[in-house]
Amino acid sequence: MYQPIKGLIVLIARTGRTMMSMSVGLCLVLLAGCAEESSTNLSPPIPQVEVITATARTIEDEPEFIGQTEAFRPVEIRSQVSGIIKKVFFTEGRNVKKGDQLYLIDPVPFKAIYLSSKAKVAEAQARLTLAKQDLARVKPLLEKQAVSKKNLDDAEAEVLAAKAALEAAQSDLVKAKFDLDNTLITAPVNGRIGRSHFYEGRLISAQTILLATIDQLDPMYVNVSVPESYLLRRRRELVEQKIQRPDIFQLRGVMTFSDGSVYPEEGMLDFADIAIRPETGTLQGRFKFPNPEGKEAPGRSYFYPGQFVRIRLKGYIRTNAILVPQRAVQQGTIGSFVYVIDKEEKTELRPVLASAWHGDEWLIDSGLHVGERVVVSGFHRILPGTQVNAIEIQKEDASSLIHSEEQVMHNVP
């Protein structure tokens, strides 16, 4: 009886060990499957970025410079005669027209000199008439030998002397008339007159005393200083045929004031200096702008001498220009760079030379080629060499995307 019971116990033990082994094996299989599934779930997804394809375009190249306005023609008002100011006709700081009366110098002494000179002219004319009559009487008498040759010579000499005296008197009369006329000083040009330096009752000297200044404000000049570095780069681009331009004096300028408003009229380049100023390293250029009186303020011009403005130069055309959205250009220790997607769909950090803004895009001078794909969104997901899923978008979409992202960032508290 003992043996059967012992066998049954052994059988039960062996069966328990087999079941335990199977349970352990099943758990190991399940754990392996879970580990494999967990390992598969831990692998990061391929990041998605948005890209544009670099293309070449022909654009207007419009550099901008700082300028200062200047009166077209500042005219100094000086007296041609010495005397006492009797009257001032104009109002300081107002517009005057050519021929308007400005000052009156006391004309009494000059009128007296003029009348005296006029009388001397009449006297010289009478003397000349008498001399001619004497000569006419002497000539027939000499033919009859009633007078000597000396009498004829004296009569001819008297005629010549009378003519010279008449010419001298007439010259004095011209000078006296000039002085009398210049006792009334008038405006030689249209413009705006400044403050008078002298007033009624002041004795002034001829030609040496500055009475006032008239600034001719229509048209107006704007002087700009062009850096030497820009001139060298522009010359190199013209030689390499990256830039096209008309004749230099057909270049136009658009003026922007300090408050951001744009002047409605364009100016023309009318002067370019021939030498660079050593103290500033710049070349002086000058634009001429029309400056009529404002409709909102009659008698007042749109702008004044001495204002600082910005001049945007128009007329240059850049061919084969590569432009990318401003957001695509990043800044780092190596300078400006962009992310380019290579043939293996991996990101490549590419240093570029971004020279200027054109609207909301960067102009790329070097480092980027036509046909390459440039990342414009999703920078926080990538590093150099990252495998990516590149989504092609249009430049218009990239611009709207950038603006929307900037708006979101602006609204974040």
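Select isoleucine 77 to begin: leaving aside residues up to four places away in sequence, Ile77 touches Leu102, Tyr103, Ile185, Pro188, Ile209, Leu210, Leu211, Ala212 and Ile214. A contact here means heavy atoms within 4.5 Å.

A word on ground rules. This is a predicted model, where local features need pLDDT of at least 70 and side-chain atom pairs count only at pLDDT 80 or more, while totals for chains, interfaces and linings use all residues. Residues are numbered from 1 along each chain as its sequence is written, and side-chain values use heavy atoms, with hydrogens and water left out.

Now colour the core around that residue. The largest nonpolar core has 36 residues, and Ile77 is among those with the most contacts inside it, along with Ile85, Leu102, Tyr103, Leu211 and Ile214. (Such a core is a set of buried Ala, Val, Leu, Ile, Met, Phe, Trp, Tyr and Cys residues joined through side-chain atoms within 4.5 Å; buried is under 20% relative accessible area, exposed over 50%, partly exposed in between, with a 1.4 Å probe and protein chains only.) Helix α3 (149–181) gives two or more residues to this core, and its share of 9 residues is the largest. A second, separate core of 21 residues includes Met220, Val224, Leu269 and Leu313.

Next, show the strands. Helices (H or I, at least four residues) and strands (E, at least two) are DSSP runs, numbered from the N terminus; two strands pair if DSSP finds at least two bridges between them. β3 (residues 64–78) pairs antiparallel with β15 (residues 308–314) over 5 bridges, and glycine 67 stands opposite valine 309. β3 also pairs antiparallel with β10, over 11 bridges; click alanine 71 to find its partner, methionine 220.

Stay in β10 for proline 219. What kind of peptide bond joins aspartate 218 and proline 219? A cis one, with omega about 0 degrees.

Then look for the largest pocket, lined by 25 residues, with Val226, Leu231, Ile248, Leu283 and Tyr316 nearest its centre. (On a 1 Å grid over the protein atoms alone, a pocket is an open set of points where a 1.4 Å probe fits, with protein on both sides within 12 Å along at least five of seven lines; lining residues have an atom within 4 Å of a point.) Helix α4 supplies the largest share of the lining, 6 residues.

Last stop: glutamine 241, in the loop between α4 and β11 (243–244). Gln241 has a positive phi of about 60 degrees although it is not a glycine, and is exposed at 62% relative accessible area.
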